[in-house]
Amino acid sequence: MTEAPLLDVAGLSIRIDGTARDLVSDLSFTLNKGETLCIVGESGCGKSLTALALMGLLATPPLRVTGGTARFRGDDLLTLPPAQMRKLRGDRIGMIFQEPMTSLNPALKIGDQIAEAVRRHTELSEADARAHALEMLRRVRIPAPETRLDVYPHNLSGGMRQRVMIAIALANTPDLVLADEPTTALDVTIQAQVLELMRNLQRDTGTAMILITHDLGVVAEMADHVAVMYAGQMVETGPVAAIFDDPQHPYTIGLMSSMPGLDGGSDRLVTIPGVVPPARDMPGGCRFAARCPFADAQCAQVPPTTSAAGNTSHRVACWKAPLEQQEDAA
Amino acid sequence: MLRFIGHRLLIAIPTILLISVFVFLLQKLLPGDPVLALAGEDRNPEMLAFLREKYHLNDPIYVQYFNWIWNALQGDLGISLRTNQPVTTLIAQKLPVTIQLAVMALFFAVIIGIPAGILSAYKKGTWIDWVANIVALSGLSIPNFWLGIMMILLVSVNLGWLPASGYQPFTDDPLQSLKTMMMPAFVLGTGLAATLMRHTRSAMLGVLQSDYVRTARAKGLGERSVVVKHALRNALVPVVTVVTLLFGELLAGAVLTEQIFTIPGFGKLVVDAVFNRDYAVVQGIVLCTAIAFILMNILSDALYRVLNPKMSDQ
Ligand SMILES: Nc1ncnc2c1ncn2[C@@H]1O[C@H](COP(=O)(O)OP(=O)(O)OP(=O)(O)O)[C@@H](O)[C@H]1O
Ligand code: SF4
Ligand SMILES: [Mg+2]
């Protein structure tokens, strides 16, 4: 801990205007330079909202950040004026979206879409930006890059388009990349290739990454740290080894046991019985209580506080943590 | 692209022939005898017989049709029964007037309708959106003749800024020509502007929600660039089609507008010809209009291809 973290999110809360319940509630985590944090959790738990909030791209209204800070290189991303946020976006922070088929502009050539991101944040001439776009296509391993500069997105496959998205996100060598399920829409073999590409590029550039995923196999492969979200809250966070080897939160334990083993592990996180409570009808106590085998009266009434588990940055939000004693007792 | 246009033109030929048959028959089936109209008060049988012979009105109908279409192919649409001038000459005289009116009206419609549509989509749900929608609704529901008369009263009679009527050929005096045509074009353009605004608005609303607009924002682009370069370009694809298809509305509106402002254009030619049962002129005009429609449709499809890279590969 010699250096301050690259990104320090504390107490991030997001809700829909005019409602009382948070879609994302009091979320805190940190990310160091060059490291990868994987955010996992069931569909609808607020992963994308979190990433969009950090980008300043929440659909406001009706969505709104109602609290918290996100310190990034001395700025608070959540309160930065729009003009300054635009300077960071695409330059210091890049984002890769889930849908490669619709995330590129169908009416503009690939090369122009990359070059545009470069020119927005540098003084490069049109020709130099184009040369840089070509270089980026090369780096994301698109075959025959010279001929791809002038094609339109519909001429490329999903995997190729996602490579172009990666090229755009990394064009200005950002300090941080937010990747929201970048491979979910791709075929399994293509998924592996794209992930490997991302890992290599990250190693070369020292970019930190927040990788949102459903897929524990991806987590095992990519993560330094893991944040597990449930119903808009962070239930457990820690180094990847701690989360896999010594999960503390009943939800995390459920996730791990639903995974058929690390090598073949690509199961979706759906095997815990029960459903996530709807946002407008969130229980007052622990949000996982209705599905939790260890729940008791206190759990249902009072939201659990976050406590340290072990001597690392491993933290868990559960009244019964650490759970070993409970299991041993049971 | 050229192949596409050539192909479309080729397909257009049978369509035009079919229309020509239809127009010709319709004209023959309408009540009223052109010879009676022509002869006026002087209705002695010899005179009528002479006129019938002169205009080949005694020939079988298919012979009449083939004569007409054969001549039409050679650029001869016959002689006006009324003025004795060749129909092509009449059309060539009046067409530029109406084209000028239509182009200026379209200009007003585009510079009002498209920005208003963009703005109201971008500011959806705010007072700007409300105002734009109310103005558009008024634009659609206020009849052109009423607006035209009100504008004449205000701008010409009270303020004396622009002439109330008349026409100056553009080639003679461009400035005066634009001045006389300004008000009619505006009146004609407002209704179209409202239609365009609503189409632009709905296209923009869809595009502004799209993933690629979000990507553009994620690059840190300014809102102007996001809206104009990324959103508008895609939103305009359907709007351009609407503009070209508005051509029909434009022509119908032009007929009325020319009456209000007493502009000696195509519209006036049509009205006079119909009232006078001037067959040759009516047929010529309808044929020309049909061809113009078909050309506009081809233009519309061609523009759609240009704007939509997905189509232009095929
Ligand atoms: N624009 C919006 N308006 C209202 N509610 C929204 C909006 N966007 C998201 N939500 C709600 O916020 C919650 C969190 O959504 P989010 O997209 O962050 O989920 P996610 O964790 O990314 O899920 P997934 O894995 O399916 O992508 C969901 O319940 C969703 O219904
Ligand atoms: S706080 Fe209680 S209900 Fe919530 S996860 Fe822990 S044991 Fe289960
Ligand atoms: Mg999501």
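**Stop 1: two domains in one chain**

Start with chain B: the centres of its domain 1 and domain 2, taken over C-alpha atoms, are separated by 36 Å. To colour them, select 12–74 of chain B for domain 1 and 93–312 for domain 2; these bounds come from an automatic or database domain assignment. Before you go on, a word on the ground rules. This is a predicted model, where local features need pLDDT of at least 70, side-chain atom pairs count only at pLDDT 80 or more, and totals for chains, interfaces and linings use all residues. Residues are numbered from 1 along each chain as its sequence is written, chains are lettered from A and ligands numbered from 1 in the order in which they are written, and side-chain values use heavy atoms, with hydrogens and water left out.

**Stop 2: where the domains touch**

Next, show the area buried between domain 1 and domain 2 of chain B, about 1200 Å², with 75% of it from carbon and sulfur atoms. Buried area here is the accessible area (1.4 Å probe) that two parts lose on being put together, summed over both.

How many salt bridges cross between domain 1 and domain 2 of chain B? Zero, by the rule used here, which asks for a side-chain nitrogen of Lys or Arg within 4 Å of a carboxyl oxygen of Asp or Glu.

Now select helix H1 (2–29) and helix H2 (34–39) of chain B: each supplies at least two residues of the side of domain 1 that touches domain 2. Helices are DSSP runs (H or I, at least four residues), numbered from the N terminus. H1(B) gives the largest share of that domain 1 side, nine residues. Colour that side of domain 1 by type and you get ten nonpolar, four polar and two charged residues.

**Stop 3: chain B meets chain A**

Bring chain A into view. The contact (heavy atoms within 4.5 Å) takes 19 residues from chain B and 26 residues from chain A. Together, chain B and chain A bury about 2000 Å², 58% of it on carbon and sulfur atoms.

Two salt bridges are counted between chain B and chain A. Zoom in on one of them, where the side chains of B:Lys219 and A:Glu116 meet at 2.7 Å, N to O. Then select helices H9 (211–218), H10 (223–245) and H14 (309–312) of chain B, each supplying at least two residues of the side that touches chain A. That side of chain B holds four nonpolar, six polar and nine charged residues.

Key:
Ala, Val, Leu, Ile, Met, Phe, Trp, Tyr, Cys and Pro count as nonpolar, Asp, Glu, Lys and Arg as charged, and the others, Gly among them, as polar.
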